[in-house]
Amino acid sequence: MQTFSLIPYAEPIPAPVEILVLFEQLFFLIHIILINLILGLGLILLYKWNRETNFFLNNKLIAKKIPILFAIGINMAIPALLFLQVTFGHLFYTSSILMGTFWILIIPFLILAYYSSYVHYKKFDISPIAKYALSLMIIMVFYIAFMLVNNLSMMELPEKWNAYFTNRDGTILLWGLPSLYPRYLHFIVASVAVGGIFYSLYFSKKDQTKKQEGLRIFAYATMVQILVGIWFLISLPKDIMLKFMGGETIATAILLLGIFAAIVSLIFALRTNIKISLLFLILTLISMVINRYNLRIFHLEDNFRLSQLNLVPQWDVFTIFIIILLLGIAVIIYMLKISFNKTNEVKK
Ligand code: HEM
C-alpha cells in the first residue's frame, strides 16, 4: 500500500525498546504536568484579575512560579523528545516536515512565551503590561499545544501523509480529523484542573477559602473533562474505539481505572480532602498517559510496530547518556530547591 511505502527507514535502536518507551512516557508525564500547571495557573490568574480583592498581594508568588515551572517543563520535554526520536523518529520527523512552516514557529513563539512569563511576574503589581504579557503567554502556549497535538496525531496517521503530494508548503494540519479537537480540548481542560489543584495546594496552609476555591476549580474542570474524554473516545475510528471498550482487555482496564480514579479524585476535591484527591489525580494522569500510548500503538498497528526496530546495543553510549541525564535532573532539583526557598524568603 502507498501509505506504507511513505514511511522512512527506521534507524537501529541502542537499547531495548521497552526501556526507551518507558523513559519517553515518564518524561512526557512530567513534561505535560508542568505545562498543564503553567497554562492552568495562567488562566486562573487571568480570570481573577480585577475580580479579587488583594489580587496582587495574594498571587504574586504564584506569578513568580510560572517562569520557573516553564523552564523545568521545557527541560523535561527534551528527554521525552530524545526518546521519542529514537523510537518513533522516522514518523515524527516526517510529520514535522509536513507541517514544517507552523512547526518551526514554535521556537520563536516559545521564546516569546517564556519571556512573557517573566515580564508578567516582574511587572505583576506595578504595571498593566503584566496582564498583556500573561495573555500573550497564554496565546503562545495555545498555539504550541495545538501544533504538538497536530504533529503527534499526524505522526500516528501515515495514511494522512499523502496530502504532501498536493501541498508542499509545510502547512498541512489535520483540520478534518474528528479526534483533533477533543484531544486538544482534553489538554486545555486538564490544565485548568491541574492548575486548580496546585492553586489549592499552594494556599492549603495559608487560606482555607482559596484552598477550597482551587479544589472547586479542579473538580468542575474534571467534570467537564469526563465529557471531553467521552467525546475524544467516540471521535476515534470505530475499530480503535471498540478496543478501548472491551476489545483489548488491558487497554480497557487502564481506561476504566483512569475514569474511576478521576471520579474519586473529584469527589474528594469536593469534600476538601486535597491529599486523597491529589493521589487519585496522579493515578488518573498515569492512566491517561498509558491510554495515549495505547492509542498511538492502535493507530500505527497496520503501518508500524515497535518490534520492527532493529536492536544494535550501544550500552556504553546509553549508560553515559543516562548518567548525564540523572546529573542534569539532580541539578534541576537543586535549582528548584534554591528558587523555591528564595521565593519563601522574598515575600514580595
Ligand atoms: C509551552 C510549550 C509547550 C506546550 C504547551 C506543550 C504541549 C504539549 C502537548 C499538549 C503534548 C501532547 C500532544 C498530544 O499528543 O496530543 C505535548 C507532547 C510533547 N511535547 Fe510538549 N509542549 C510544549 C513545549 C515542548 C517543547 C519545547 C518540546 C521539545 C523540547 C516538547 C516536546 C514534546 C514531546 C516530545 C511530546 C510527545 C511526547 C511523547 O509522545 O512521548 N514540548 N506537548
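In this predicted model, five residue pairs are in polar contact across the interface of domain 1 and domain 2, with both partners at pLDDT 80 or more. On the side of domain 1 that touches domain 2, the elements giving two or more residues are helix 2 (17-48), helix 3 (55-98) and helix 6 (129-155). Helix 2 supplies the largest share of that side, with nine residues. By residue class, this side of domain 1 divides into 13 nonpolar, four polar and five charged residues.

Charged groups also pair across the boundary. Four salt bridges are found across the interface of domain 1 and domain 2. Elsewhere in the list of side-chain pairs, Glu156 and Arg296 form a salt bridge at 3.1 Å, N to O.

The domain assignment of the chain places domain 1 at 8-177 and domain 2 at 206-307. To their contact, domain 1 contributes 22 residues and domain 2 contributes 15 residues. The C-alpha centres of the two domains are 20 Å apart. The size of an interface is often expressed as the accessible area lost when the parts come together. For domain 1 and domain 2 the buried area is about 1,700 Å², of which 69% lies on carbon and sulfur atoms.

A single residue may be considered next. Pro108 belongs to helix 5, which spans residues 106-122. Pro108 counts as partly exposed because its relative accessibility is 38%, a value between the 20% and 50% cut-offs. Pro108 and Met140 are separated by 32 residues in sequence, while their C-alpha atoms are 9.7 Å apart in space.

Note on methods: Residues numbered from 1 in each chain as written. Predicted model: local features only at pLDDT ≥ 70, side-chain atom pairs only at ≥ 80, totals over all residues. Heavy atoms only, no water. Helix = DSSP H or I, 4+ residues; strand = E, 2+ residues; numbered from the N terminus. Buried < 20%, exposed > 50% of the residue type's maximum accessible area, 1.4 Å probe, protein only. Domains from an automatic or database assignment. Contact = heavy atoms within 4.5 Å. Buried area = accessible area lost by both parts, 1.4 Å probe. Polar contact = N/O pair within 3.5 Å; in protein donor to acceptor, adjacent residues only side chain to side chain. Nonpolar A, V, L, I, M, F, W, Y, C, P; charged D, E, K, R; others polar.
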